[in-house]
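Hi,

Here is the structure I said I would pass on. Have a look first, and my notes follow below.

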Amino acid sequence: MFTPRGERLDAPGVGAGRPAAARIPGPEADLRAELIAGLLIGLGATLSLHREGAGSLATPEHLADLYAPALQALVAGLPAAGAPAAPGRPAVTPAGRRSPGR
């Protein structure tokens with residue numbers, strides 16, 4: 001995965017040793033970091049629990065191709081391709097409270 005500046009998230013000097021939220025730029029980094037973790041944990045759980053499912057027939061490269069756009073959108077702070085815009089959606093503050101619409 002890459003930052004919006006094109007840096008690899010696992011590259012030396014791009015926040016090595018820092019929490020994930022500190023490694024991704026933009027608003028709501030804490031929330032996006034948690035969503036990224038949830039996507040990856042969910043993928044791992046699904047592939048583990050459904051060993052005979054459709055995921056078992058896909059190559060790791062194909063899974064990555066399907067999963068990468070959603071992860072990259074969260075890293076970059078952009079809506080995923082095809083996601084409806086949410087004008088006036090309240091932002092979530094670091095304390096988890098919703099702030100007034102933007």
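Let's start with α2: at 1.5 Å a residue, its 21 residues should span 30 Å, and the end C-alpha atoms are 30 Å apart, which agrees. That expected span is 1.5 Å times one less than the number of residues. Helices (H or I, at least four residues) and strands (E, at least two) are DSSP runs, numbered from the N terminus.

The buried residues of α2 are A29, R32, A33 and I36; buried means under 20% relative accessible area and exposed over 50%, with a 1.4 Å probe and protein chains only. Those four cover an arc of only 110 degrees around the axis, so they sit on the same side of α2; the arc is taken from the directions from the helix axis to the C-beta atoms. They pack against α1 and α3 (60-76), while the face turned away carries the exposed E34, I41 and L49.

Most residues other than glycine have a negative phi.

Overall, the chain has three helices and two strands, in the order α-α-α-β-β.

Now the caveats. This is a predicted model: local features need pLDDT of at least 70 and side-chain atom pairs 80 or more, while totals for chains, interfaces and linings use all residues. Residues are numbered from 1 along each chain as its sequence is written, and side-chain values use heavy atoms, without hydrogens or water. Mean pLDDT (the predictor's confidence in each residue, from 0 to 100) is 74, and 60% of residues reach 70 or more.

Cheers

Definitions and conventions: Contact means heavy atoms within 4.5 Å.
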